[in-house]
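Here is a short tour of the structure below.

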Amino acid sequence: MPSDLHRLGVAEATARLAAGDCSAVELVEACIAAQEAAAGLNAVVTDTAEQARTAARHADQRRQRNEARPLEGIPVAVKDIFCTRGVATTAGSRILDGFVPAYESTVGAKLWDAGAILLGKTNMDEFAMGSSNETSRWGPVRNPWSPADGPALVPGGSSGGSAAIVAARAVPAALGTDTGGSIRQPASFCGVVGLKPTYGRCSRWGIIAFASSLDQAGPLTRSVADAALILQHIAGFDPKDSTSADLPVPDLHSALQGDVKGLRVGIPAEYRLDTLPVAVGDLWERGIAWFRAAGAELSDVSLPHTRYALPAYYIVAPAEASANLARYDGVRFGRRSTGEDPDDLYTRTRREGFGEEVRRRIMIGGYVLSEGYYDAYYLRAQQVRTRIAEDFQAAFREVDVLLTPTAPSSAFPQGAKTDDPLAMYVNDIFTVPASLAGLPAISIPAGLDDERLPLGLQLIGRAFDEATLLQAAAALEAAVGTVPSPAGSA
Amino acid sequence: MALSDDDVRRVAELVRIGLDESEVKPLGEELSRIFSWIEALREVDVEDVAPMTSVVEMQLRERDDAVTEGDCRDRILGNAPAADEGHFVVPRVIE
């Protein structure tokens, strides 16, 4: 029997399961078939179909006993940066060959405790360092929006596999992580919703660290309501993460109700780049008009230090990465090269285990942290970061949310930017500032460009005010209307 | 800001990443381009600006100095490329 269950979102699937219209086994089988049909995207690097089938049977049994939990039977794909107990976890790197975590990330455990089912570990840029999913040791991901008769397009990155598999209608939701835009930019490129919560909202425990003061987990879904639903279940205080916020999580579902009449929406002047493609600028204008039509109060705001965000990021993130990635020494887990002595072992293992972009960033980080350069680079970057955060604090005295494009372009062909690191880094120009300030932000699919490729608009909110952010996002989503599915979906 | 060949070799040694001699020059040029771009930060007035040390306002917590999860030596060693008698095995350090 042909089934379209794989096309259901989280909320719809939950309702169908609760009504007895379908079983978790049927839902999971439909998603497994859709993932097999989408195998050409290379979005999933570790298949977990068998354990998902077992989990689905258990989910159906629980429901029969009236013990169904809130996400009972809902399949979720998980970026291969989350440690999954008993399931290989590589972070897209050769250096983690053979690593099978003995524990589950807190965010993952919360999802499974709510009844969700792991279905697929997704492809990603190596250690989340990249904006196109091309630095993965598993090879690039094909964006499901790639034209049948044209070049393969990138899905964005680093959570490229998660964005692609959700866009391909092969799972209702996926987890990603966002350090400088790694959830929002691929969401924009693939035409899905991507939410980066406030730094501290979701535990980082059990997520392989890239830049600890920036990394944050979040959902990729096909609707704002589904993003809110997943966030509701993964958010919350965790004593195992020293930067986890000990704050109550608001009821995000009720936040979606109500209108945006009187909501103050700011438009940052510094995001109006001369180089912005016409289609991106036009879409932004349409977004402004939609909010105005819905009764929101629009105003221009200034974030004067915006242009310094990317350079500051490319000091802070590599510095933290070089420290975090010092643990990969070939001794305790993962890949090991042969060496004559321990130092030789480390040097060869790291040379062979890390890809080019990761080696480059570790070099940048090692340099800016080295004796004599720390003050000139790292300290100054952290001072600039304070300035950037102050810009946002000033803006949020005048407005409730900010509206910007998510990325400076739509998806580009594989190989187009791999030879020029700086051209690749510019992809994150609109997403990095909120990351540096720790603020929640979301990308909403808002339209297609002239080449019929999706473009996203970004909303940025106050720290820990995901409720207002999601309310604004829901209003934007309603104004956009139906977004088409990519040709490459199941 | 240009990195010399010696800078590149020194940093590669610090971060323990093997480098072929033929890679030193191209890598130095590439890193120099990235650092020239980062130089823009010098334009920012950071006089009396505190460096960011906490992304969102919070107090670091204290916890009891006690084992919360333990007794997992074998599970941890299960991921080791080489282990023996409850230890990680590394190449000989002392001749």
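## Helices on the sheet

In this predicted model, helix α3 (residues 49-64) of chain A lies across β2 and β3 of chain A, and runs at about 160° to β3(A). Helix α2 (residues 24-37) of chain A lies across β1, β2 (75-79) and β3 (117-122) of chain A, this time at about 10° to β3(A).

## The sheet itself

These strands belong to an open sheet of 11 strands in chain A, with mixed pairing and the order β1-β3-β2-β4-β6-β5-β10-β11-β9-β7-β8. At its edges stand β1 (44-46) and β8 (297-301) of chain A; each has a single partner strand, so one side of each is left without a neighbour in the sheet. From one strand to the next, the twist averages 35°.

For a look at one pairing, take strand β5 (residues 193-196) and strand β10 (residues 441-448) of chain A, which run antiparallel and are joined by 3 bridges. Gly194(A) has Ser443(A) in β10(A) as its bridge partner.

## Where the chains meet

Chain A brings 54 residues into contact with 37 residues of chain B. On the chain A side, α10 (309-324), α11 (342-353), α12 (356-368), α13 (375-398) and α14 (421-425) each supply at least two residues. The largest share, 10 residues, comes from α13(A). By class, this side of chain A has 28 nonpolar, 15 polar and 11 charged residues.

## Confidence

The model scores ipTM 0.95 and pTM 0.97. Chain B has a mean pLDDT of 91, with 98% of its residues at 70 or more. Among the elements of chain B, helix α1 (residues 5-14) has the highest mean pLDDT (96) and helix α3 (residues 73-77) the lowest (93).

Terms used
Residues numbered from 1 in each chain as written. Chains lettered and ligands numbered in written order. Predicted model: local features only at pLDDT ≥ 70, side-chain atom pairs only at ≥ 80, totals over all residues. Contact = placed C-beta atoms within 7 Å. Helix = DSSP H or I, 4+ residues; strand = E, 2+ residues; numbered from the N terminus. Nonpolar A, V, L, I, M, F, W, Y, C, P; charged D, E, K, R; others polar. pLDDT = per-residue confidence, 0-100. Pairing = 2+ DSSP bridges. Axes fitted to C-alpha atoms, helices over the stretch in contact; angles between N-to-C directions.
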